[in-house]
Amino acid sequence: STIYRAACLEDLDEMGDLMGRMHEETIYGGDPDFAYEKSKMIRYMRGFVINQPETIADLAVVEGCIVGLILGEYGTMVFNDTRQAREKLLYVDKEFRGGMMGPRLMKRLIRWSYTVGAKEIVGGANTGISAERTAKLWGRLGLSPLGYTVRSRI
C-alpha cells in the first residue's frame, strides 16, 4: 500500500536518488553538458521541504521507499498580486506508473493550491518524459493546455 505524506529533511538523500533516476529518463540523461548533480538537487529540494506549508514537497512511499514526488510553490502574477500555484516537479518511478500514484500526487498539489490562496494553478512536462500522458492526467483533474515549451541546444 502507498503512503502519501509531506517530505522531511531526513528524506532529502533518498529524494536525490529518485531525482537521479528521473534525470536519466529525461532528454538530458547521459548528456555530459547536463550532468546530474545530486548535491545541487538536494539543495534545491531542501528549500521546498523547509518552507512547507508555503511550498509543497509531497512523497509517495511504498514499503518504506520513496517512489514518487511532487514539488510546488506559489508566486504572484507579473502584472498584479494574484497568487499563482506552480507545479515545479512531478515524478513517479517507472515501475509505479499507470496507476493512481501520479494523479494522487497531482491532487495533493491542487488541494495545497487552495490552502495558499492561489487563484490559478500551472504545471506541465518539460523533461521529455511522458508529456502526452502528463497532459491527459492534468486534463482529467481540470487543468487545460496553455501555451507550449520550446528548446534549442546552443
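Predicted model: local features only at pLDDT ≥ 70, side-chain atom pairs only at ≥ 80, totals over all residues.
1. Helix H2 covers residues 38–50, and its end C-alpha atoms lie 18 Å apart. At 1.5 Å a residue, its 13 residues should span 18 Å, so the two values agree.

2. The buried residues of H2 are Met41, Ile42, Met45, Phe48 and Val49. An α-helix has 3.6 residues a turn, so residues three or four places apart point the same way.

3. Helix H3 (residues 101–115) packs against helix H4 (residues 131–140) at an angle of about 50 degrees, and the two axes are 10 Å apart. The pair is therefore oblique, and the crossing of H3 past H4 is right-handed.

4. On the H3 side, Pro103, Met106, Leu109 and Ile110 make the contact; on the H4 side, Thr134, Leu137 and Trp138 do. By class, six residues in this contact are nonpolar, one is polar and none is charged.

5. Ile129 sits in the loop that runs between strand S5 (120–122) and H4. Its relative accessibility is 13%, under the 20% limit, so Ile129 counts as buried.

6. Leaving aside residues up to four places away in sequence, Ile129 touches Met22, Glu25, Thr26, Tyr91, Arg97 and Thr134. Thr134 is also one of the H4 residues that meet H3.

Technical notes. Residues numbered from 1 in each chain as written. Heavy atoms only, no water. Helix = DSSP H or I, 4+ residues; strand = E, 2+ residues; numbered from the N terminus. Expected span 1.5 Å × (residues − 1). Buried < 20%, exposed > 50% of the residue type's maximum accessible area, 1.4 Å probe, protein only. Axes fitted to C-alpha atoms, helices over the stretch in contact; angles between N-to-C directions. Parallel < 35°, antiparallel > 145°, perpendicular 65-115°, else oblique. Left-handed = near helix turned anticlockwise from the far one by under 90°. Contact = heavy atoms within 4.5 Å. Nonpolar A, V, L, I, M, F, W, Y, C, P; charged D, E, K, R; others polar.
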